[in-house]
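Hi,

Here is the structure I promised to pass on. Have a look at it, and then read my notes below on what turned up.

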Amino acid sequence: MSIERILLKGGCVLTLDPDIGNYRTADVLIEGSKITSIGPRLKVSDAEVIDASDMIVMPGFIDTHRHIWEGILKNIAPDALLEEYFRDILGSLAPVYRPQDAYAGNLVSALGAIDAGVTTLLDWSHIQNTPEHTDAAISALQESGLRSTFAYGTPNLDMAAWWHNSSLKHPDDVKRVAKRYFSSGDQLLTLALAPRGPEFTTFDVSKHDWQLARDVGIRISVHVGVGMAGKHFKLGEMGKAGLLGPDTTYIHCCTLSDEELQMIADTGGTVSIASPVEMQMGHGLPPIQRCLDRGMRPSLSVDVETTVSGDLFAQMRSVLTLQRAQINEKRLAGETNLPAILTSRDVMEFATIEGARAMGLDHICGTLTPGKEADIIMLRTDRINVLPINDPIGVVVRGMDSSNVDSVFIAAKAKKRRGQLVDVDLARVRRLAYESRDYVVSKAGFTMPAI
Ligand SMILES: [Zn+2]
């Protein structure tokens, strides 16, 4: 059987690959699951031609940290501070989750991510209340067709025992999961470990947990520098013990010391900034410039849909405006020799290739490059919210939102076309989301926000 070929024809192509450049008008050829050629007026026969005129064609967005089991709790705690989120979401609602609630949360959030042009996501899954919860969460990821990393976390049954200087070790069930679901490298789904950071456990537990990831041979994704908890040099102690490495992505990092951030940079670690969450929930100031000063270009993450939106447009704008505000404030105060202000191109890279790097997937996705998988989005430029198009990069970052996401391809498979998700029974997803939401809210005795 011949390989299927798709030609995305006549779009404005932002490859974000510095060796290839961007095109006002070009074609992208996909063969099988991969991009094979990019350029103006490609001569191709036997391909399914998709009209990309009035579209920006670019790599899909990459979210490097989201707790998607919370998908059934979208915007349920819009004004919550971190301590209220711990009390209500993790302390009260999570413990009553059944496996089917983890499934429903994962499914509705994963599909929402695809709808918003996210093609790759790290599911930081701390809802491993039983092995059945784990299996349910993974099965929703598989069903969604998202390229994803399942970052295996802890049970969410007892906040005090698991998160307050915990002496409980990370569950060994990750070994079963690795064997059962991840023995093939040739799939959309990969595995990582989501241990609690050293701020939340004893030193010995952190050491054990990180060793567990390395024994299984998987990457680590960890929360550090979170509010007051990050001010005790706990990560630094791990660094001094030689436990930090390039296999780790550090989330937030807001309240780490300069020395700790430098340790991350020196050991080749990557960073995930969840700017909207960090600013409003009290994690501390997103350390955008502090990372850039050390040569680390951050990836972006939504973190919790209980409190912020699930698209990367908001993420890019948040990081861009915050960093510029901080630099501009210094400029107004008469300071000189200031760092460069971020550009639209910078944050577009944070939302794509830097995300791929942070997930160890930059050889697979993050730019439009022949040989990489065809994880591609097409954004409509003929909608009234953005026309006329003057600066194609600027318009994506400053002007667009999820309503501009016309098409989403993951490994060349169409997941969204003409503004609609493909092969998704939305009525079923809606029913599952409401049934699970109603169950956990009522079982936990949670009081819904007043209006
Ligand atoms: Zn988080």
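**Pockets, a cavity and a zinc site**

The lining of the second largest pocket is made up of 11 nonpolar, four polar and four charged residues. Keep in mind that this is a predicted model. That pocket has a volume of about 360 Å³, and 19 residues line it, with Lys-74, Val-108, Val-429, Arg-430 and Ala-433 nearest its centre. Two or more lining residues come from each of α2 (99-115), β17 (420-421) and α15 (426-444). The largest share belongs to α15, which supplies six residues.

Now for the largest pocket, which holds about 520 Å³ of space. Its lining runs to 31 residues, and those nearest the centre are Gly-185, Gln-187, Leu-189, Thr-190 and Leu-361. Strands β8 (147-152), β9 (189-193) and β10 (219-224) are the elements giving two or more residues to this lining. Of these, β9 gives the most, with four residues. By class, you'll find 14 nonpolar, 12 polar and five charged residues around the largest pocket.

Helices α1 (82-93) and α9 (275-281) each supply at least two of the lining residues, and α1 gives the most, with four. The cavity lining divides into 10 nonpolar residues, five polar ones and one charged.

Which residues coordinate the zinc ion? They are His-65, His-67 and His-223, each through NE2, and Asp-303 through OD, at 2.1 to 2.4 Å. Along the chain, the donors follow the spacing H-x1-H-x155-H-x79-D. His-67 sits in the loop between β6 (61-66) and α1, while Asp-303 sits in the loop between β13 (299-300) and α11 (312-332), so this pair ties together parts that are 236 residues apart in sequence. Both His-67 and Asp-303 are buried.

One last thing on the zinc site: the angles among its four donor atoms run from 80 to 173°, and the site is irregular. For reference, four tetrahedral donors would ideally have angles of 109.5 degrees.

Cheers

How values were computed
Residues are numbered from 1 along each chain as its sequence is written. This is a predicted model: local features need pLDDT of at least 70, side-chain atom pairs count only at pLDDT 80 or more; totals for chains, interfaces and linings use all residues. Side-chain values use heavy atoms; hydrogens and water are left out. Ala, Val, Leu, Ile, Met, Phe, Trp, Tyr, Cys and Pro count as nonpolar, Asp, Glu, Lys and Arg as charged, and the others, Gly among them, as polar. Donors are N, O and S atoms within 2.8 Å of the metal (3.2 Å for Na, K and Ca); water is not among the atoms, so sites may look incomplete. Four donors count as tetrahedral if all angles lie between 85 and 135 degrees; four count as square planar and six as octahedral if opposite donors are over 155 degrees apart and all others between 65 and 115; anything else is irregular. Buried means under 20% relative accessible area, exposed over 50%, partly exposed in between (1.4 Å probe, protein chains only). On a 1 Å grid over the protein atoms alone, a cavity is a set of points where a 1.4 Å probe fits but cannot get out, and a pocket is an open set with protein on both sides within 12 Å along at least five of seven lines; lining residues have an atom within 4 Å of a point. Grid points are joined across faces, edges and corners, and a volume is the space filled by probe spheres set on the points.
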